[in-house]
Amino acid sequence: MLENTGKKSLLPVFLGITLSLQAQKIDSLQNQLRMAKPDTHRVSLLNDLSYGYWLSGDDSLAIRYGAQSVSLAKKLGFLNGEGKARLHLVRIEADRMVDFKGAFAQVDTVLQIAATLKDRHLEAEAYIRKAQLLETNMARQREIMPLYDQANAIFMDMNDKSWQGTVFNEKAQFYIRSGNFGKAIEFLLKARQLQEEVNDLRALRSTLPNLGVAYSALGLYKEALRAFDEAETVAKKRNDKVLEAFLLNQRADIFEKEGQYKTALQALTQAASIHKTTRAAYWLPKTYSRMGRVYLQLKDYENALKYTQLGDKLFQDVVDSDDFLDHVVQLNYAKIALAKKQYRRVIDYATKGVEWAEESDPPLLPEAAEYHRLLAESYGATGQIEQAFVHYKKFKTDSDSLLNKEALQKAMASAMNYEFEKQHQQQKLNIQKLENENLAQTRNFLVALLLLGAGILGFVFWNNRRLRTRNDELSRKNAEIEAALYRGQTMERKRVASELHDNVATRVSALKWRYEAFDTSQFDRDQQTEHARLLEHIGEIYDDIRSISHNLMPEVLEKAGLQAALIKMADTLNVQNRTRFLFEVENSGVVVRGKTAYELYAITLELVNNILKHAKASQAGITLLRQNGFLELVVQDDGQGFRQSSRSNGIGIQNIQSRVDRLGGSCQIVNREEGGTLVRVQIPVGE
């Protein structure tokens with residue numbers, strides 16, 4: 001279970017890796033500072049000291065040296081140093097949660113400095129820091145992702161893979177807080193891939209443990225422990241005690257879930273010892289609270305209460321505010337009261353807790369589910385059966401939405417994609433290595449040519465032929481990998497479509513039959529109306545499942561090709577919708593099959609859905625033709641046209657562009673002069 005507070009989520013994600021830290025230890029930096037003159041180098045030393053103390057958990061000294069760095073930089077007119085020092089102070093404040101107003105003012109100042117210097121990198125860092133501050137404000141959560149997107153666009157333009165990875169890591173933490181762990185894993189693996197490409201241990205210090213946290217939340221403990229082991233390797237390379245303690249906490253959480261309570265307590269005891277040494281004011285109370293939770297599992301209520309109270313007191317000292325609630329502490333108190341059959345106290349604790357959990361934005365589903373379970377048990381024990389049933393239903397609803405097959409499938413698909421991309425990247429590196437070898441050998445041969453003449457020239461030709469053969473072999477293997485991936489995707493689409501059609505649709509159909517079999521003669525009018533609505537909704541669900549199943553892998557697409565599938569699509573659309581669809585094939589050549597057929601069919605389906613949902617068109621056309629070595633798909637309508645904002649930000653348009661890119665083609669979207677939209681997709685297919 002994730003650990004959270006109420007109005008601001010305090011989650012077990014590992015933060016604090018995005019600023020530059022020099023390799024010297026704090027005592028070495030202090031020695032340098034004593035000898036440094038009041039110049040720009042001293043500004044950097046002060047900022048590095050601030051980072052070092054923050055990393056060790058001493059926020060007061062971190063703020064002190066950070067403020068000195070800002071003051072000296074302003075005095076020297078060293079704008080770049082001032083901006084970086086201010087950004088670090090903002091990062092500290094995002095953890096401390098004391099002076100948010102001052103922190104936002106710091107960010108605004110940094111953006112002004114970046115504009116003055118025309119420093120886009122500093123501008124992008126400021127967007128990240130502002131987004132981190134906004135994580136504390138539940139009313140402004142929608143502003144977070146656009147800021148990360150702005151930052152990432154700058155880093156992509158600068159080809160800065162390390163900072164692109166940092167943005168993906170920050171996005172992942174946003175999805176972890178909202179309970180969308182499948183999406184979080186997708187972004188964490190993207191971050192990991194970029195960071196490994198540039199061997200950025202600073203960034204991996206955060207990405208790897210957060211990847212483990214997301215896997216653990218989905219119950220993928222084997223994958224989580226592997227990620228924690230990889231993170232521990234990074235921690236040992238950097239002598240990073242803070243990270244080691246974090247990993248001990250996360251491993252303890254898995255041990256607890258697997259029933260290894262003594263092992264969990266050993267790990268938490270080790271973590272607490274490190275927290276005391278590093279003066280980690282936030283993590284020490286969380287560790288004590290977790291120890292209380294493990295003692296609860298062991299039914300040792302005396303120690304459970306002892307460590308829960310200790311964690312509670314230390315946590316209140318850290319946040320120093322009434323606007324926070326530690327859910328681990330709250331749940332521990334409620335469970336201890338339940339064990340003692342103090343049901344009134346359980347209801348008080350759980351009622352307050354569930355209110356905070358559900359009012360959070362996004363809601364804290366794991367905590368809310370546990371509170372509802374406790375309320376159901378307590379109301380049941382006191383004879384309030386109706387109340388107990390209400391909370392039991394809410395417990396089941398929240399629990400079922402936490403871990404679902406879709407999230408697990410997304411996580412595994414992301415992992416497979418990461419491994420494939422990693423292999424693909426290695427193949428590219430091998431090719432590049434061969435090309436570099438070829439260039440080096442060619443250069444040497446040209447020098448030797450002055451001395452050895454025609455014999456050496458012949459060797460060059462022979463060597464180039466050998467390398468071309470190896471390059472051709474690598475290219476062929478890449479093509480085989482891509483073909484295997486497509487076959488695997490096709491098989492999986494068939495399997496999912498079959499499962500939906502044969503299992504899910506069948507069960508929904510059976511459910512509909514059972515509802516139709518109800519004897520409604522004794523129902524009053526409202527009950528008959530509700531019964532009719534339920535039948536209608538079940539019918540709609542059944543139709544949606546069949547539609548999804550069909551669209552995943554249309555049978556006609558596989559058997560007869562793209563042209564036949566599009567004809568059938570147009571016929572179906574003209575039966576079911578007000579918009580009239582016309583399909584035309586102009587010299588489209590041989591039947592289009594395989595990957596090209598599926599991608600173009602999916603693109604057409606996306607465009608048709610856009611027309612039906614948004615265009616308000618009376619007529620639309622689909623044209624497929626082959627000319628000048630291109631297969632061209634044109635979809636147009638006479639509707640209200642395409643908004644520019646939708647064109648750049650819509651997920652559907654992004655999906656279409658991704659499919660076009662995979663086929664090596666191009667996509668053009670324009671508003672027609674006579675009204676409506678025209679989309680032209682061109683795919684190279686040869687003459």
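Predicted model: local features only at pLDDT ≥ 70, side-chain atom pairs only at ≥ 80, totals over all residues.

**Exercise 1.** Find out how many salt bridges the structure holds, and which residues are linked with Asp229 in a network.

*Solution.* The count comes to 28 salt bridges. As for the network, Asp229 is linked with Glu232, Lys236 and Arg251 through salt bridges.

**Exercise 2.** Work out whether Arg202 and Asp200 form a salt bridge, given their closest N and O atoms, then classify Asp200 as buried or exposed.

*Solution.* Start with the distance: the closest N and O atoms of Arg202 and Asp200 are 3.7 Å apart. The cut-off is 4 Å, and the pair does form a salt bridge. Next, accessibility: Asp200 sits at 7%, so it counts as buried, because buried means under 20%. Arg202, at 25%, counts as partly exposed.

**Exercise 3.** Describe how Glu370 and Arg373 are placed in helix H18.

*Solution.* First, the contact: their closest N and O atoms are 2.8 Å apart, in a salt bridge. Then the spacing: the two residues are three apart in helix H18 (residues 365-381), so about one helical turn separates them. Finally, Glu370 is buried at 13% relative accessibility, while Arg373 is partly exposed at 23%.

**Exercise 4.** Which helices hold Arg659 and Glu599?

*Solution.* These side chains meet in a salt bridge, at 2.8 Å from N to O. Arg659 lies in helix H27 (residues 651-662) and Glu599 in helix H25 (residues 594-615), so the pair ties together parts 60 residues apart in sequence. To finish, Glu599 is buried at 5%, and Arg659 is partly exposed at 22%.

Notes: Residues numbered from 1 in each chain as written. Heavy atoms only, no water. Buried < 20%, exposed > 50% of the residue type's maximum accessible area, 1.4 Å probe, protein only. Helix = DSSP H or I, 4+ residues; strand = E, 2+ residues; numbered from the N terminus.
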